[in-house]
Amino acid sequence: MAKKETTGNPVKDIHKRLRREPVSAWSRRDREEIFAFNEGYKRFLFAGTTERTSVNETIRLAEENGYIPFETFLENPPKKLEGQKVYYNNRGKSVAFWVLGKDIADGVNFVAAHVDSPRLDLKPAPLYEDTDLCLAKTHYYGGVKKYQWFNVPLGIDGVVMKANGEKVPVRIGFEPGDPIFVISDLLPHLDRREGDITKVFQAETLNVLMGSIPLTFEKTEGVKDLVLLNVLNLLNERYGFVEEDLFSAELEIVPAIEPKDVGFDRSMLAAYGHDDRVCAYTALKALFDARSVSKTACTILLDKEEIGSVGSTGANHTFWKKLIKRLLPLYHTEASIDTIIERSMVISADVAAGINPSFKEVHEEKNAAKLGYGITITKYTGRGGKGGASDAHAEIVGYIRRLFNEAGIVWQNGLLGKVDQGGGGTVALFFANEGLSVIDAGVAVLGMHSPYEIVSKADVYETYLAYKTFFEHSK
Ligand code: MN
Ligand code: MN
């Protein structure tokens, strides 16, 4: 849009009219509003630290906001479908929240985020004893810099399936008074390891300390691993577990560090798992708060993004399609699922890499995101030569740009890094493969995939406003 005001200086006027200058989101929004929104986000972050506990927390919030399970809804669907709020829980690890539109034949506006984050999983047979210490073996999940996981407080968040079929949730390290767990590194005095950091820090040394008291000192002839036995005994007393139960379990080792404000001005937020629960939370709140949704809106939260969106809970499995098919008869529509897909659009809501001033050289600054400059739109991810990228069409970039500009949303352009520097992906291509129009847009992060990632609170709030705008305007 051409700006009418003149500065009195023709060169400045031309500059103002033609060039694009990034805008600080702090200059456009009320600081108190930004801070208040982030308090809710902080609580969400610590209430769920894995895909499972995050899904639980999103469902709890949705039910508070009047959402009902899909199956319950289908048993007795109301005459007026528009505005109905439903959710579908896919195996407790991914979930789709819907606000139904006037006519499903108009297509669906999706915002798709993921709720799995890089972490360490306990191996199926994790416990062993060495040097009178009980430890647990792990297998890292997603792209981690292994050295970052030593000497930080860790919690356990997961489930165990017992022999009798009972599912037992285990969550330790997140309540006041809980113990935490630690992977201890080698002291610098004796560390003469040199060379490639990816080789110095080996996955098989990511072993978590679990205990150090032997079960007993009496009558121990012939019984080995008394410290391990004591740990097992404690697990048995508290949960009724035996060692084999740990085989049918998903016990995830995640940082047990509370989200905290960063800086004298409290402008940033440090937490584990901003990637991608920051987009999950903003997408969910946007759906809750969106006014006048005439086209069906869906916030879909997925698992397994960090390992390639595989499996029955990842974006590769299109469970949302089954849900649309089940809605079709209610709308008495002639439209096919293919037509609905053609009319649908997806914001692939995932984090972007913010420029870290100490490591600027990996970015090309004209095309990189800065903290505090609003939601980051990423035209393409992938690797050098755009390998594996879902490259958004100019048409959808144009649509989103216009939509955001008209609503006064502060947005910025952000690619991952310099060409040939590295690469990454999101869920975008999985939706694109189904024929949907997709664009990546989310929050810029510092220290992505580390145990303590950083975002700008202004970007968190702006991203929420952006997704809300997307839902409120049907195309
Ligand atoms: Mn992500
Ligand atoms: Mn990631």
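**Entry 1: the metal pair**

I started at the metals: the manganese ion (ligand 2) and the manganese ion (ligand 1) lie 3.3 Å apart, with Asp-275 coordinating both. This is a predicted model, in which local features need pLDDT of at least 70 and side-chain atom pairs count only at pLDDT 80 or more, while totals for chains, interfaces and linings use all residues. Residues are numbered from 1 along each chain as its sequence is written, chains are lettered from A and ligands numbered from 1 in the order in which they are written, and side-chain values use heavy atoms, with hydrogens and water left out.

A donor here is an N, O or S atom within 2.8 Å of the metal (3.2 Å for Na, K and Ca); water is not among the atoms, so sites may look incomplete. Distant parts of the chain are linked here: Asp-275 sits in helix α7 (residues 274-289), and His-449 in the loop between β19 (444-446) and β20 (453-456), 174 residues apart. Helices (H or I, at least four residues) and strands (E, at least two) are DSSP runs, numbered from the N terminus.

Are Asp-275 and His-449 buried or exposed? Both are buried. Buried means under 20% relative accessible area, exposed over 50%, and partly exposed in between (1.4 Å probe, protein chains only).

**Entry 2: around His-449**

I then looked up Gln-148. It is in the loop between β6 (133-141) and β7 (154-161). Its relative accessible area is 18%, so Gln-148 counts as buried. Leaving out residues up to four places away in sequence, Gln-148 touches His-449, Ser-450 and Pro-451. Contact means heavy atoms within 4.5 Å.

Most residues other than glycine have a negative phi, and most peptide bonds are trans.

- Asp-275 and Asp-276 are joined by a cis peptide bond, with omega about 10°. Asp-276 is in helix α7.
- Arg-91 is not a glycine, yet has a positive phi of about 60°. I found Arg-91 in the loop between β2 (85-90) and β3 (94-99). Arg-91 counts as exposed because its relative accessibility is 54%.
- Arg-266 has a positive phi near 55°. Its place is the loop between β11 (260-262) and β12 (268-271). With a relative accessible area of 46%, Arg-266 is partly exposed.

**Entry 3: the sheet**

I traced an open sheet of nine strands with mixed pairing, in the order β1-β2-β3-β13-β4-β14-β18-β16-β17. Its edge strands, β1 (68-69) and β17 (411-413), each pair on one side only. Two strands pair if DSSP finds at least two bridges between them. Strands β3 and β13 (residues 296-302) run antiparallel and are joined by five bridges. Which residue in β13 is the bridge partner of Val-95? It is Leu-301.

**Entry 4: the lining of the largest cavity**

Last, I checked which residues line the largest cavity. They are Leu-45, Phe-46, Thr-49, Pro-255, Ile-257, Pro-259, Ala-271 and Tyr-272. On a 1 Å grid over the protein atoms alone, a cavity is a set of points where a 1.4 Å probe fits but cannot get out, and lining residues have an atom within 4 Å of a point.

Methods:
On a 1 Å grid over the protein atoms alone, a cavity is a set of points where a 1.4 Å probe fits but cannot get out, and a pocket is an open set with protein on both sides within 12 Å along at least five of seven lines; lining residues have an atom within 4 Å of a point.
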